[in-house]
Amino acid sequence: MPTTPRQVTAPVEARAIVVSNVEIAAHTYRLRLACPELATRFQPGQFLMLRLPGRTDPLLGRPYALYDTYADAQGNTVGFDIGYHVIGKQTGLLTELIPGQVVDLWGPLGNGFPQFTGKHLACVAGGIGYTPMIAMTLEALGVKTYGQSTTPASPERRVSMLYGARSKSHLAQLHELESLPNATITVATDDGSAGHKGFITEPLDTLLAKGEVDAVYCCGPELMMKRVAQIAASHNVPCWLSLETPMACGIGACFSCVVKVKEDSEDGWDYKRSCIEGPIFEAEKLLLS
Amino acid sequence: MNPLAVSLNRLQLKNPVLVASGTFGYAREMAPYLDLSGLGGIIPKTVTQQPRIGNAPQRTVETSSGMLNSIGLDNDGLETFIEKHLPYLTSLGTAVIVNIAGKTIEEFVQMTERLAPLSGIAALELNISCPNVTGGVDYGTNPEMAFELTQKVMAVSPHPIIIKLTPNVTDVTAIAKAVADGGADAVSLINTVQGMAIDWKRRKPILGNVIGGLSGPAIKPVALRCVHQVAQKVNIPIIGIGGITTFDDMMEFFVAGASAIQVGTTNFFKPGQSQNLLQELKAYVEHTNLPSITSLIKTLELPTVKKC
Ligand SMILES: Cc1cc2nc3c(=O)[nH]c(=O)nc-3n(C[C@H](O)[C@H](O)[C@H](O)COP(=O)(O)OP(=O)(O)OC[C@H]3O[C@@H](n4cnc5c(N)ncnc54)[C@H](O)[C@@H]3O)c2cc1C
Ligand SMILES: Cc1cc2nc3c(=O)[nH]c(=O)nc-3n(C[C@H](O)[C@H](O)[C@H](O)COP(=O)(O)O)c2cc1C
Ligand code: FES
């Protein structure tokens with residue numbers, strides 16, 4: 001197997017200080033938070049719940065994936081970044097955060113992507129779904145480690161990042177990956193304003209046809225993930241999807257984030273909580289609607 | 001003497017801060033965030049006799065200072081609960097109050113009988129008010145049926161019985177009186193308030209089940225009103241529930257007439273808050289030299305109303 005399930009640490013509740021909050025693409029921001037408690041535990045594909053303190057509207061926390069961690073001058077991991085796409089109540093308010101303000105968090109949550117120990121990984125991202133792929137790629141290529149994870153490094157390992165967005169203005173720069181010799185970036189936009197014109201699934205199909213990729217990790221809109229899963233299956237490549245099921249608690253307490261997972265039962269499936277059994281599932285185990 | 005201890009007829013609690021059914025998973029999920037043994041009691045998610053798959057997503061949606069849910073009692077059934085969750089729950093060193101729901105009186109009675117010989121259970125809470133389950137008769141809205149159900153369950157239960165009531169009735173005191181007459185040890189007030197959310201652009205309800213239950217800070221005034229009305233009219237201990245987030249919220253319920261409280265939706269967005277509330281309560285009791293928390297209960301001073 002090119003992958004192994006990840007060992008994750010217990011989550012904590014913490015308060016974080018905003019370090020910076022910058023627009024990196026249309027309606028897309030990168031929020032840097034100082035919070036050593038979470039930063040030292042966070043692993044690629046895991047998420048946290050974030051809440052704005054002192055108000056009851058919006059009431060619930062919202063889930064965001066780990067983008068990357070950062071270290072202080074001494075090399076200690078002291079904080080992390082998330083990327084957010086502005087679509088509603090909370091993400092709208094996040095844009096107003098300024099350095100020094102605080103937010104409430106609990107995490108890290110979820111299973112994370114399996115550790116990649118194979119030869120060639122394809123990371124497929126749509127829109128804001130690219131953020132978890134940054135840490136994943138850095139870990140797979142041995143550039144960085146996260147939390148407890150210790151992926152054995154291999155100089156031959158390669159990562160192909162396939163990143164689709166609506167148009168050029170919606171694409172974020174993948175600075176972290178650009179200088180890495182073993183990372184290849186392919187971009188697609190719906191309108192052709194950058195990279196391949198059309199869906200990112202087309203270059204993916206071409207790549208997988210070469211028979212070198214031994215696993216696909218994907219995060220993006222539901223329709224795209226469904227298509228990616230089909231393509232991966234047609235090439236017999238194992239595929240993992242990071243689901244963005246709406247969540248109320250993120251910790252397994254409310255049973256609102258359920259997804260249909262195949263099972264040896266009468267109906268052939270059962271609802272599983274995406275926040276604790278996921279958010280990353282092997283595509284072939286899911287019953288996607 | 002422990003100044004935080006409260007008793008609700010046969011149910012003795014070391015403190016009045018409990019966590020509400022359906023908002024705390026099976027407690028395991030919450031263990032990273034607080035010391036579970038400190039809580040006055042834990043009420044796990046409602047169990048039904050047979051497994052239930054629950055309602056189709058979308059199961060929750062946020063509303064102004066609240067949320068709607070239509071989970072639909074998704075659970076693996078009583079036998080799995082006894083095997084998989086009860087041993088863990090009873091090992092925690094706090095009162096475990098098992099919340100059950102039946103479709104018929106017979107089902108309630110059978111579940112009660114099944115739980116009767118099991119050790120480590122502090123009480124049963126009967127969910128006769130879940131708005132998300134169709135098919136069953138809604139015992140929570142009919143005083144005669146609520147009375148009959150309470151009486152029949154009391155007859156077979158060695159455990160104290162709490163009846164959890166719905167606010168979705170014209171007169172909550174009528175139902176509370178019926179279950180008090182039936183012999184219940186206490187009532188919990190309130191379950192969620194029926195509500196709905198609509199995506200007008202798609203002409204669709206947002207919840208998979210169309211209608212759901214509203215909870216969170218938005219319903220606190222409704223809950224306080226229900227606790228107050230029952231406290232004034234019916235002689236039965238009350239556990240107050242509904243939108244409790246802060247210390248002040250909790251104190252308002254005690255003053256209105258609740259002997260204990262349950263923290264619900266707040267567990268979702270401040271997982272450790274029940275423990276914080278307990279600590280604040282402890283600090284208050286110490287600071288004010290209160291001999292017993294019970295001296296706070298139902299201390300509301302009502303204005304003398306002149307009729308015109
Ligand atoms: C595990 C996980 C990780 C995530 N990581 C990120 C991330 O790193 N960056 C990021 O920007 N977003 C991420 N999301 C999605 C993010 O949580 C939502 O965009 C966010 O909750 C929106 O909050 P809001 O208050 O701005 O929108 P709301 O006001 O709550 O909603 C606005 C509109 O968006 C819809 N909506 C809300 N959430 C979703 C969703 N998950 N899928 C589809 N439609 C939705 C609502 O139905 C509504 O119509 C993640 C989701 C999950 C489950
Ligand atoms: C997601 C969710 C699930 C719930 N599930 C149950 C349940 O299974 N059984 C039950 O008796 N009450 C259930 N409730 C109701 C709560 O226990 C509580 O009575 C109600 O939410 C009001 O309190 P709150 O405003 O503090 O949440 C649920 C509430 C929510 C929000
Ligand atoms: S979001 Fe609450 S159980 Fe998953």
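Colleague: In strand 6 of chain B, which residue is the bridge partner of B:Glu62?
Modeller: Good place to start, and please keep in mind that this is a predicted model. Strand 5 (60-63) and strand 6 (66-69) of chain B run antiparallel and are joined by 4 bridges. In strand 6 of chain B, the residue that bridges to B:Glu62 is B:Met67.

Colleague: Which residue in the turn between strand 5 of chain B and strand 6 of chain B has a positive phi?
Modeller: These two strands of chain B form a hairpin, with 2 residues between them. In that turn, a positive phi of about 50 degrees belongs to B:Ser65.

Colleague: Which elements give two or more residues to the side of chain B that touches chain A?
Modeller: The contact takes 28 residues from chain B and 23 residues from chain A. On the chain B side, the residues divide into 12 nonpolar, 12 polar and 4 charged. The elements of chain B that give two or more residues there are strand 5, strand 6 and helix 7 (266-269).

Colleague: Let's stay with chain B. How many strands make up its closed barrel?
Modeller: You can trace the barrel of chain B in the order 3-4-7-8-9-10-15-16, with parallel pairing. As an example, strand 8 (residues 121-127) and strand 9 (residues 161-165) of chain B pair in the parallel sense over 4 bridges. Within strand 9 of chain B, B:Lys164 is the bridge partner of B:Asn127. Counting along the barrel of chain B, the number of strands is 8.

Colleague: At about what angle does helix 4 of chain B run to strand 9 of chain B?
Modeller: Look for helix 4 (residues 172-181) of chain B, which lies across strand 9 and strand 10 (186-189) of chain B. The angle of this helix to strand 9 of chain B is about 165 degrees.

Colleague: Which residues of helix 5 of chain B make the contact with helix 4 of chain B?
Modeller: The crossing of helix 4 of chain B and helix 5 of chain B is right-handed. Helix 4 of chain B brings B:Val172, B:Thr173 and B:Ala176 to the contact. From helix 5 of chain B come B:Cys226, B:Gln229, B:Val230 and B:Lys233.

Colleague: Now chain A. What distance separates the centres of its domain 1 and domain 2?
Modeller: Chain A is divided into domain 1 (3-109) and domain 2 (115-285). The contact takes 31 residues from domain 1 of chain A and 30 residues from domain 2 of chain A. Taken over C-alpha atoms, the centres of these two domains of chain A are separated by 20 Å.

Colleague: Which strand of chain A gives the most to the side of domain 1 that touches domain 2?
Modeller: Several strands of chain A each supply at least two residues of that side, including strand 2 (12-25), strand 7 (77-85) and strand 8 (102-109). The strand of chain A that gives the most, with 4 residues, is strand 7.

Colleague: Which residue of strand 7 of chain A stands opposite A:Arg32?
Modeller: Strand 3 (residues 28-34) of chain A pairs with strand 7 of chain A in the antiparallel sense over 7 bridges. Standing opposite A:Arg32 in strand 7 of chain A is A:Asp81.

Colleague: Is the crossing of helix 5 of chain A and helix 6 of chain A right-handed or left-handed?
Modeller: The axes of helix 5 (residues 201-209) and helix 6 (residues 222-234) of chain A come within 10 Å and cross at roughly 15 degrees. Among the residues that meet are A:Leu204 and A:Leu208 in helix 5 of chain A, and A:Val228 and A:Ile231 in helix 6 of chain A. The crossing of these two helices of chain A is right-handed.

Key. Residues are numbered from 1 along each chain as its sequence is written. Chains are lettered from A and ligands numbered from 1 in the order in which they are written. This is a predicted model: local features need pLDDT of at least 70, side-chain atom pairs count only at pLDDT 80 or more; totals for chains, interfaces and linings use all residues. Two strands pair if DSSP finds at least two bridges between them. Two residues are in contact if their C-beta atoms, placed from the backbone, lie within 7 Å. Axes are lines fitted to C-alpha atoms, for helices over the stretch in contact, and angles run from 0 to 180 degrees between N-to-C directions. Domain bounds come from an automatic or database domain assignment. A crossing is left-handed if the near helix is turned anticlockwise from the far one by less than a right angle, and right-handed if clockwise. Ala, Val, Leu, Ile, Met, Phe, Trp, Tyr, Cys and Pro count as nonpolar, Asp, Glu, Lys and Arg as charged, and the others, Gly among them, as polar.
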